[in-house]
Amino acid sequence: MNLIVASPNWLTIPLLLLLLAAAIEDAARLKISNLTCGLVFVGALVAMAANGFSFSLWQNVLVCIVILTLGTPAFAAGWLGGGDVKLLASLGLWLDLQAAVGLIAAVFIAGGLLAIVSILGRRAGIWRRHSNPRTARIPYGIAIAAGAIFIFGVQLTQRPTDPFMDRMHALQAQHR
């Protein structure tokens with residue numbers, strides 16, 4: 001179940017704010033806190049409960065497990081930070097298999113763009129995180145947040161309309 005589409009705004013808006021917080025944390029200190037990742041994870045559990053624990057949630061759990069399984073060796077190799085892996089796995093819990101493919105594609109594209117900006121910034125002397133460009137780290141949490149916010153924005157446009165809110169808007173229009 002794609003919990004982004006199925007969940008109400010009171011769950012999706014805090015998720016988007018947590019993604020912004022993760023990007024800011026990573027940009028500022030090359031670290032995403034366990035608290036931020038944990039809140040994204042807990043938010044997914046609350047969304048599951050709010051939408052009813054259906055059997056289709058096996059896909060969400062699988063996405064989370066696959067990201068952790070592939071992300072752990074990437075962390076061990078120094079390709080990703082631990083916070084990056086935890087954040088991405090927590091986001092995976094929000095998504096079914098189909099939606100996760102879009103998320104991963106958007107994160108990879110955002111990561112490529114971030115790498116280009118980083119390289120150009122370092123060459124221009126604007127962005128100097130580390131004196132040795134071969135060992136310089138890129139705050140990939142920015143790419144994860146940007147890719148997720150983009151793909152979630154696309155998915156939210158596919159959210160079915162809320163009949164209650166449609167009726168409320170119609171009543172407001174009558175009284176104008």
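Start by selecting Gly83, Asp84, Val85, Leu87, Leu88, Ala89, Ser90, Leu91 and Gly92: these are the buried residues of helix H5. Keep in mind as you click around that this is a predicted model. Now widen the selection to residues 82-92 to get the whole of H5. Nine of its eleven residues are buried, so the helix is largely enclosed by the rest of the structure.

What does the covering? Show helix H2 (9-29), helix H3 (34-51), helix H4 (58-76), helix H6 (97-123) and helix H7 (140-156), which are included in what covers the buried residues of H5.

**Next stop: H5 against H7**

Hide the other helices for a moment and keep H5 and H7. Two packed helices are described by the angle between their axes and the distance between those axes. For H5 and H7 the angle is about 15°, and the axes are 9 Å apart. An angle under 35 degrees counts as roughly parallel, so that is how H5 and H7 run relative to each other. The crossing of H5 past H7 is right-handed.

Now turn on side chains. On the H5 side, pick Asp84, Leu87, Leu88 and Leu91; on the H7 side, pick Tyr140, Gly141, Ile144, Ala148 and Phe152. These are the residues where the two helices meet. Sorted by class, this contact has seven nonpolar residues, one polar and one charged.

**Over to H2: the salt bridge**

How many salt bridges does a search of the whole structure find? It finds one. To see it, select Glu25 and Arg29, whose closest N and O atoms are 3.4 Å apart. Both sit in helix H2, and because they are four residues apart, about one helical turn separates them.

Are the two partners buried or exposed? Glu25 has a relative accessible area of 16%, and under 20% means buried, so Glu25 is buried. Arg29 comes out at 47%, so it counts as partly exposed.

**Last stop: Thr36**

With a relative accessible area of 7%, Thr36 is buried. Which residues does Thr36 touch, once its neighbours within four places in sequence are set aside? Select Leu18, Ala22 and Glu25: Thr36 is in contact with each of them.

Definitions and conventions:
Residues numbered from 1 in each chain as written. Predicted model: local features only at pLDDT ≥ 70, side-chain atom pairs only at ≥ 80, totals over all residues. Heavy atoms only, no water. Buried < 20%, exposed > 50% of the residue type's maximum accessible area, 1.4 Å probe, protein only. Contact = heavy atoms within 4.5 Å. Axes fitted to C-alpha atoms, helices over the stretch in contact; angles between N-to-C directions. Parallel < 35°, antiparallel > 145°, perpendicular 65-115°, else oblique. Left-handed = near helix turned anticlockwise from the far one by under 90°. Nonpolar A, V, L, I, M, F, W, Y, C, P; charged D, E, K, R; others polar. Salt bridge = Lys/Arg side-chain N within 4 Å of Asp/Glu carboxyl O.
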